[in-house]
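Please look over the structure below before reading the briefing.

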Amino acid sequence: MTAAQASDDPTTVDAPTSVRFIIQDAHDRGATALYLQTGRPPFYRLSGKLLPQEHIAPLTLDQFRHYLRELLSPQQLKHYLEHRKLDTNIRIPGFMQCRINCGPTAQGTDAISLNSIELDGPGLDVQRQGTVRAMVEDAFESGASDIHLQVGEVPRFRIQGKMVRQEHYGKVIARQFEEFIEEVLSPAQQEQFHIRQELDTAVLYEGLVRCRVNCSQSIMGGAMVLRLISLKVPTLEELGLPDMLAYLVEEKQGLILVTGPVNSGKSTTLAAMLRHLNDTLPRKIVTIEDPIEYVHESHNCLLTQREVGLHTHEFKEALRASLRQDPDVILIGEMRDRETVDTALRAAMTGHLVLGTLHTKGAVNAFKRLLNFYTPEEQETIRIQIVDALRAVIAQALVPTVIGGRTAALEIMLNTDAIRDYLQKGSIEEIYLLMEEGNDGSQTMNQALFDLYEAGVITPNDALAASLIPEDLNYMLKNHTRRSSRSGLISSEYFSR
C-alpha cells in the first residue's frame, strides 16, 4: 500500500515495506521532520509539534533495520553499527535528500530523526506522462484544435472538427483532474474555480502553443477544454481569406462584425485582420478579450491587449475605458450585452473602427441580433444608429477540405447605400439578392461554398452540409452558376435559422 492509500484509509495499516512511502506521506501532509522508533508509529513534526501518525502501525525491529539500510550508505551503516550514533547528510538518488540523526533513546531503543527533507523533482519523462502539457504536445503533433478532459472519460482531441478518443491515456479520475487543475491554474484561479465552479483563462506553453482554457463542473465531475492557438498570428493570405477583409480593416471608422457559430474561426479571422493592420499602418489598437487568444507584438501599430478577469472586471467597463486611451481601432471579443453594444455603436460613430463578434448564422441575422438587444419600442430609433455605424458583417463557417484540415467560407455583407436603404426600411429579404449580385464585394455563404468547390478545395457533400440553404446551393452546383434559381430571393426560413 502506498502512502497516499494509507492516508485515505481511516484504519491503521501495517508500516510500509519501504521508508520512501513514509517520507512521501510526511511530505504530502506538510511535515517538516520525521521521527522513527522501534515499537512506535512514525511521528511527524506538524506546525512545530511532533505528533504520532496513528494511521500507520508501530514499527517492528526488522522494519526499522530495513529502513536503516535504505537510508544509509554501506559506509554510513557500518559507522552507525560500530558507534551506535550518526549525524550526517544523506541522499536517496532520484528521491530525496535530508539530514539524519540516528541513535538509541534514553531507554536504549533505536531511533531515527530526519530533518530538512527535500524531495527530488520528477525526471522529464515522469513529468510529461499524464500531464496536461503532454496532451497539449500530442494534440499539437496530431493537428488537433481542442483537448477535452472530463472525469470518468478518456481524453478526446478534436481533429478536423471530429472528436477522436485518446484511449492510451485511460479514463480521467477525480484525483487526476485535481492535478490537472493545479498544473494549469494559479492558486488564485483554483480558489475562484472551486467557488464559482467554472473558469475561463489562457495558458502559454513557450515555444509550442497558447491555449484558451475553460474549466467547469458536471454531473460526472470536473471538465476542462483547451483550445490550441498558434503562437504565430496567421496572415489573411495564409488563411485564404478574401482581400476585402484587408480593405475593411483599413477603414478609419465604423462597426465590423464577424459572426458564426462556436468554433467557426472568428477569433482567427480577426487576428489575421489585426496582423494586416499591424504590418501596414500606424494605428493604436486596443483589444478586450475573454480570454486573450492570439498575442500580438507591436510593429507599425501600438497594441494594448486586455483580458477580462485578469486586466479588467467587465467587458463593458473595459470598453468604456478604452475610449479614453486614444484608440484608432477597438476589438471587442464578444458583443454580449446591450451596454456593450451601446458603447460600441457610440465608438463607431465617433471616429473609431470597432471590430466585434456575434454568435449568429448568416450576415443579415447579425443585424437582427443587434436589434434584439433592445425592446420593440426602442428598435426603430436604434435601427438608425446601427445602420449609420455598420460598415460590414462577415459570417463565417469552417468546412473540411479534401486534403485534410478545414478552410473558412465567408459570407460578406457590405453596408452599401443600397443595402443601407433596405436595412433602414426593414426589407431584410431583399438584401440577400443584393449580396448575391456581388457588384460591391459582397457575397452569400452559398457563393463562398460554390467557389471553394469549383477550386477543388471542398467536396459537394461538405459544401451542402455547411450551407444554410442547401437546396439553393445544390442548384448552383448542378448548373455551375453563382446565382440561385430564385435570383437570390429566398424564403424567411433563412432568417429563422
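This is a predicted model: local features need pLDDT of at least 70, side-chain atom pairs count only at pLDDT 80 or more; totals for chains, interfaces and linings use all residues.

Residues are numbered from 1 along each chain as its sequence is written, and side-chain values use heavy atoms, with hydrogens and water left out.

- Helices (DSSP runs of H or I, at least four residues) and strands (runs of E, at least two) are numbered from the N terminus.
- A residue is buried under 20% relative accessible area, exposed over 50%, and partly exposed in between, using a 1.4 Å probe and protein chains only.

**Salt bridges**

- A salt bridge is a side-chain nitrogen of Lys or Arg within 4 Å of a carboxyl oxygen of Asp or Glu.
- By this rule, the count is 22 salt bridges.
- One of them joins the side chains of D110 and R84, with N to O at 2.8 Å. D110 sits in strand 6 (residues 110-119) and R84 in the loop between helix 4 (74-83) and strand 4 (86-92), so this pair ties together parts that are 26 residues apart in sequence.
- Within this pair, D110 is buried at 17% relative accessible area, whereas R84 is partly exposed at 37%.
- Another salt bridge pairs R391 with E251, whose closest N and O atoms are 3.1 Å apart. Because R391 belongs to strand 18 (residues 390-400) and E251 to the loop between helix 10 (244-249) and strand 13 (254-259), the pair ties together parts 140 residues apart in sequence.
- R391 is partly exposed, with a relative accessible area of 25%, and E251 is partly exposed, with 26%.
- D451 and R482 also form a salt bridge, with 2.9 Å between the closest N and O atoms. This pair links distant parts of the chain, 31 residues apart: D451 is in helix 18 (residues 445-454) and R482 is in the segment after helix 20 (470-479).
- D451 has a relative accessible area of 31% and is partly exposed; R482, at 32%, is partly exposed.
- A network of salt bridges links D290, E334 and R336.

**Cysteines**

- The structure holds 0 disulfides, a disulfide being a pair of cysteine sulfur atoms within 2.5 Å.
- For C102, the closest cysteine sulfur is that of C98, at 9.4 Å, which is too far for a bond. C102 is buried, at 1% relative accessibility.
- For C215, the closest cysteine sulfur is in C211, 12 Å away and too far for a bond. C215 is buried, at 0% relative accessible area.

**Helix 14**

- Helix 14 (residues 363-371) has 7 of its 9 residues buried, so it is largely enclosed by the rest of the structure.
- Its buried residues are A363, V364, N365, A366, F367, L370 and L371.

**Backbone angles**

- Most residues other than glycine have a negative phi, and most peptide bonds are trans.
- S47 is not a glycine, yet its phi is positive, about 50 degrees. S47 lies in the loop between strand 2 (43-46) and strand 3 (49-52) and is exposed, with a relative accessible area of 81%.
- R84, the salt-bridge partner of D110, has a positive phi near 55 degrees.
- The peptide bond joining D290 and P291 is cis, with omega about -5 degrees. P291 is in the loop between strand 14 (284-289) and strand 15 (302-307).
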